Amino acid sequence: MTEQISALLDDEFALEDAEHLMAGMQTNGYSSEVWSQYHLIGDVMRGANALSPNFKQNLMALIDLEPTVLSPNAAWANDPKLFDEKDESNDVAVKKQATNFPRIWSVAASCAAVMVVGWMVLQNQVGNQATPNMVAHAAIPQETVLLPVTNEQDVPVEYLMAHQASAPSASSYYIQSASYTE
Amino acid sequence: MRGFVLACLVASGLSGACQSVLAAADDEKWQILQKAALAAHALSYQGIFVCQSGQQSKSVQIKHFFDGQNEYARNVLLDGSPREVLSQGGDLIIYNPKNEKIVIEKRRGQNMFPAVLPVNLSIVKQSYTLRTGDIERVAGREAQILFLVPKDNLRYSYRFWIDTEYGLILKSVMFNGRNEMMDSISFTQVNLVNSVDLDWFKPQIDNKKNYVMEDEVPTQADFNPSPHWMLKDLPAGYYKVDQMLRVVQGKPLPVTHVVFSDGLASVSLFIEPVTNGIKPRSGHSVVGNTSFYSSVVGYLQVTVLGEVPEATVAAIANSVVFVK
């Protein structure tokens, strides 16, 4: 099964025969994981970076640049009870706690944000499997064989009507295709 | 030596002058066409024209009125079923008799004769050259012939007869590469009108028939940021002018519909996933003035059609690249 998934990935497996693989990947968690992993391996081998180099450092630097709004702290500072303590040392301790506690949370929030963003990018990557840029390299074989000539009765009338509804030619307002039935 | 330099200067001056004269003549031709593009919207006129396409031919009565701000037009088919097209600005309402009913269809209107040219001709200039022909009489009026000749084989050629006084297009004919007429629309009688009343701007109501709105043909904006296809190397001169999701008769899911235009001709591209159990369609044909091309790209069924040469629909179909 994994071999077939690999072959499918490399366009060495006929799409018509791949239905069981598709079904397998939809129901079987392991198969879909293999599919994702092979894509990830492919991406790495092609050097298509999901994230820019130093993504984490850049993101952290940007987060550092952001002004940190510590609203809970402000609320705390405005709460007179905390600072009405007679004991000097206790006051300092409370202040320290008041400033430290939210900072920990902000770090945790930043980490969570990094994880969420990273996860989304990764999901997107796995979901799309290929960026347009890579497709140009992957060069999916296009139909080059001469297509058969279609008979007049085989012409897709429903599409002709859709075409004339959105992009009418000057005569299509008055003359309808012979195959169009009123 | 001085004589040689002088001769060179004179020669270059002359050739420059020749070029500018040629350019001026070219500009003049395009100006006639530009005037025709505007005249169709900005004049008030009425008449009868005959529309011919393939084996069919229909006469249409037209009345067009411009009050300085808004355009109103009523077109009534005189042959066959009495279909009526009422337009106000770009909004069309078509009263289409079908069996015992009259179906009311709403559309966005464009290039209705004689307003077949876009008001902005710069896109047309990219792909066509313009030649002047003889003066001929059409619908009892004197007309200047203009040939709009494509620069490549990706589009048909057009011939316009333009009223030398009003500037209105009196006749428009499309030819294929073998110079065979693909379709033709021509006034048989036309005159300008001065009246300002709008009493005529209403459909002729048939009390014996039921009037029904057509079954909704919903189109919606197509916002999918990462569809499983992309367009690569579109044929020269064709630009995407619209993209939507459209419900197509007999299709379980909405189909992506992309419209391309070179300023005169329009091409539609339809993309949908290959459906299980339905044999994918692939082939090409020309019926009347419309070329069709179907192919399968990856998991996608691609259908392209338009009033253009087969090479163009094939090129647009082949510009679709499947993205996994």
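Mentor: Start with a term: a residue is buried when its relative accessible area is under 20%, exposed when over 50%, and partly exposed in between, using a 1.4 Å probe and protein chains only. The model is predicted, so local features need pLDDT of at least 70 and side-chain atom pairs count only at pLDDT 80 or more, whereas totals for chains, interfaces and linings use all residues. Residues are numbered from 1 along each chain as its sequence is written, chains are lettered from A and ligands numbered from 1 in the order in which they are written, and side-chain values use heavy atoms, with hydrogens and water left out.

The residue to look at is Asp183(B), in strand S11 (residues 181-192) of chain B. Helices (H or I, at least four residues) and strands (E, at least two) are DSSP runs numbered from the N terminus. For charges, Lys and Arg count as positive and Asp and Glu as negative, while His and the chain ends are not counted. A salt bridge is a side-chain nitrogen of Lys or Arg within 4 Å of a carboxyl oxygen of Asp or Glu. Asp183(B) is buried yet has no such bridge: Lys171(B), the nearest side chain of opposite charge, is 12 Å away.

What does the side chain of Asp183(B) make a polar contact with? The partner is the side chain of Ser171(A), at 3.0 Å. A polar contact is a pair of N or O atoms within 3.5 Å; within protein, one must be able to donate a hydrogen and the other to accept it, and residues adjacent in sequence count only if both atoms are side-chain atoms. Contact in general means heavy atoms within 4.5 Å. Leaving aside neighbours within four places in sequence, Asp183(B) is in contact with Ser171(A), Gln52(B), Ser53(B), Ser172(B), Val173(B), Met174(B) and Asn289(B).

Asp152(B) and Arg155(B) meet in one at 2.9 Å, N to O. Asp152(B) is partly exposed at 27% relative accessibility, whereas Arg155(B), at 4%, counts as buried. Arg155(B) also meets Asp262(B) in a salt bridge, at 3.1 Å, N to O. This pair links distant parts of the chain, 107 residues apart: Arg155(B) is in the loop between strands S8 (141-150) and S9 (157-163) of chain B, and Asp262(B) in the loop between strands S16 (255-261) and S17 (266-273) of chain B. Both Arg155(B) and Asp262(B) are buried.

Elsewhere in chain B, the side chains of Arg107(B) and Glu105(B) form a salt bridge (3.7 Å, N to O). Arg107(B) is partly exposed, at 21% relative accessibility, and Glu105(B) is buried, at 7%. Together with Glu214(B), Glu105(B) and Arg107(B) are linked in a network of salt bridges.

Of the 182 residues in chain A, 29% are buried. In helix H2 (residues 19-27) of chain A, the buried residues are Leu21(A), Gly24(A) and Met25(A). Seen down the axis of H2(A), these buried residues fall within an arc of 95°, so they line one face of the helix. The arc is that of the directions from the helix axis to the C-beta atoms. The buried residues of H2(A) pack against helix H1 (2-9) and helix H3 (29-45) of chain A, while Gln26(A) and Thr27(A), on the other side of H2(A), are exposed.
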